[in-house]
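Please look through the sequence and the model that follow, keeping charged side chains in mind as you read.

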Amino acid sequence: MQVKVLGLSRWKGSEQTLVVFMAEGAPAPMGWKGGEASLKRLMVAVRHEGFTGKVAQVALVHPEDEDPARRVLLAGVGPLQGLGDEAYRRGAAVACKAAAAAHLKGVTILFPEKGDAGKVRRCAQAIVEGAILGSYRFTAHKTTSDGTPGPLEHAVLLHPEDAGAKEINAGAALGEAAANAAVLARDLVNEPPSHLTPQKLAERASKLGGRVRAKVFDLKTLERMGMGGVAGVGRGSVNPPVFIYLKYQGSKPKTRIALVGKGVTFDSGGLSLKPAESMETMKCDMAGAATVMAVMKAADALKLPIQIDGYIPAVENMPSGSAIKPGDVLKLASGKTVEVLNTDAEGRLIIADALAHAVKEKPDHVIDIATLTGGAVTALGTGVTAIMGTDQALVTALIAAGEAAGEPMWQLPLVKDYEEMLKSRVADLRNTATRKEASTIMGGLFLKDAVGGASWAHLDIAGTAWSDREGAYTQAGATGCPVRALLGYLVKVAG
Ligand code: BES
Ligand code: MN
Ligand code: ZN
């Protein structure tokens with residue numbers, strides 16, 4: 001979707017569709033530009049339709065005298081008190097969906113806020129994100145249309161005060177980069193697993209462009225690098241594993257961040273095979289990898305003055321005659337040996353390898369993103385990411401970035417006493433605990449062993465990367481979470 005910012009004085013489009021936001025129970029839409037008579041008729045018309053201004057409620061009206069536009073699309077943002085960015089994100093998304101359903105190709109969105117520069121910037125960002133994300137569809141593999149009209153192709157963000165133009169433009173640019181990155185992550189995650197093998201993922205990573213450089217290590221090389229976890233998990237598939245290293249270097253970077261993303265392009269569970277139903281969505285098991293790729297592309301688009309090192313172990317977890325077996329022992333890049341008791345706890349094996357390599361370069365902070373445990377879905381559902389870490393300041397900063405992006409995170413404790421449960425009788429570690437408890441924490445504890453004393457945070461996105469339900473600005477399927485949260489964190493770090 002194309003998004004443009006335009007000053008009201010330059011707008012000549014009364015024949016178009018104008019999206020205006022309205023708070024719950026307000027006497028008029030925000031920033032209303034039409035006449036009094038038109039407003040009165042509009043308010044009566046929408047009240048008749050039951051429109052009250054609740055978040056994500058919409059109403060399409062055709063003002064009699066086309067004042068201020070041929071069509072006015074009201075978008076609810078909820079109560080004025082406590083009105084935040086998320087309401088605008090949802091409102092804009094639902095308005096764009098409604099416009100598309102009415103067979104429109106574009107809308108003009110009247111900017112609602114004024115005053116405080118930060119507020120104006122964040123609001124513009126949220127609206128642009130909502131418009132782009134709400135207009136996302138994954139149609140790459142459809143050969144026939146199901147009759148539903150296609151998504152919007154363009155949106156114009158109309159700003160009334162010239163004073164806020166700079167802030168609105170800056171916010172819109174951020175929103176565009178963030179939402180486009182989330183769209184890239186969604187596309188990668190939605191792609192069928194046999195279309196996106198480890199090798200194909202590496203090809204996509206190599207084509208990110210800009211200042212993002214990629215190096216791809218094949219099986220032989222990654223074995224030489226000591227990555228027994230990646231090699232071991234990959235052994236069961238005809239599609240060999242690869243290790244992808246990405247580097248983005250902004251100008252004069254003061255901070256170096258390492259991002260590690262789980263790239264299991266399909267997780268069958270291996271010989272500890274998943275039941276059919278649990279396997280249906282397991283193409284999403286490379287969402288961490290997609291997040292790393294998308295965030296790095298956006299960092300480049302925004303020319304952030306930081307360095308990002310991306311580490312993606314990419315592998316297919318399959319059962320076969322050559323697959324690792326429960327009871328097998330692998331040697332990780334950290335030097336530790338692991339007894340693999342459940343081949344379905346494969347993520348920690350490959351992430352541990354990647355983390356060991358990431359910390360060797362001594363970055364300021366290391367963040368791994370992984371669809372690691374079903375326990376994260378059980379505990380927090382599809383709306384909240386589980387976060388753990390060794391550096392409370394880093395965890396707190398990520399939680400704040402999640403909050404701002406509408407991608408909330410909740411911290412779980414890395415309970416020291418539980419480490420005992422990861423000790424093996426045959427090797428240094430075992431990949432699943434002796435008891436089926438606290439699996440998300442156990443996953444975090446396993447990874448912690450590979451990071452040493454580094455400043456590290458672990459995001460378990462098993463619940464949030466994928467949803468089987470449509471949301472205000474998501475479709476069923478890949479969500480693109482937590483791309484925008486991470487990007488927001490990096491923008492803050494870059495200063
Ligand atoms: N990829 C799964 C986790 C997952 C579950 C992601 C649901 C998305 C949605 C992971 O590899 C896995 O299978 N984890 C096991 C670990 C267990 C065997 C310790 C789990 O959580 O059941
Ligand atoms: Mn698994
Ligand atoms: Zn997995």
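Which side chain meets that of Glu 129 in a salt bridge? The partner is Arg 484, with 2.8 Å from N to O, where a salt bridge means a side-chain nitrogen of Lys or Arg within 4 Å of a carboxyl oxygen of Asp or Glu. Side chains of opposite charge can pair when their charged atoms come close. Because Glu 129 belongs to helix α3 (residues 117-134) and Arg 484 to helix α14 (residues 483-494), this pair ties together parts that are 355 residues apart in sequence; helices here are DSSP runs of H or I with at least four residues, numbered from the N terminus.

This is a predicted model, in which local features need pLDDT of at least 70 and side-chain atom pairs count only at pLDDT 80 or more, while totals for chains, interfaces and linings use all residues. Residues are numbered from 1 along each chain as its sequence is written, and side-chain values use heavy atoms, leaving out hydrogens and water.

Glu 129 is buried at 1% relative accessibility, and Arg 484 is buried as well, with a relative accessible area of 4%; buried means under 20% relative accessible area, exposed over 50%, and partly exposed in between (1.4 Å probe, protein chains only). Both residues also belong to a network of salt bridges that links Glu 86, Arg 89, Arg 90, Glu 129, Glu 407 and Arg 484.

The structure holds 20 salt bridges. One of them joins Glu 66 to Arg 70, whose closest N and O atoms are 3.6 Å apart; Glu 66 is partly exposed at 37% relative accessibility, and Arg 70 is partly exposed at 36%.

How values were computed: Chains lettered and ligands numbered in written order. Helix = DSSP H or I, 4+ residues; strand = E, 2+ residues; numbered from the N terminus.
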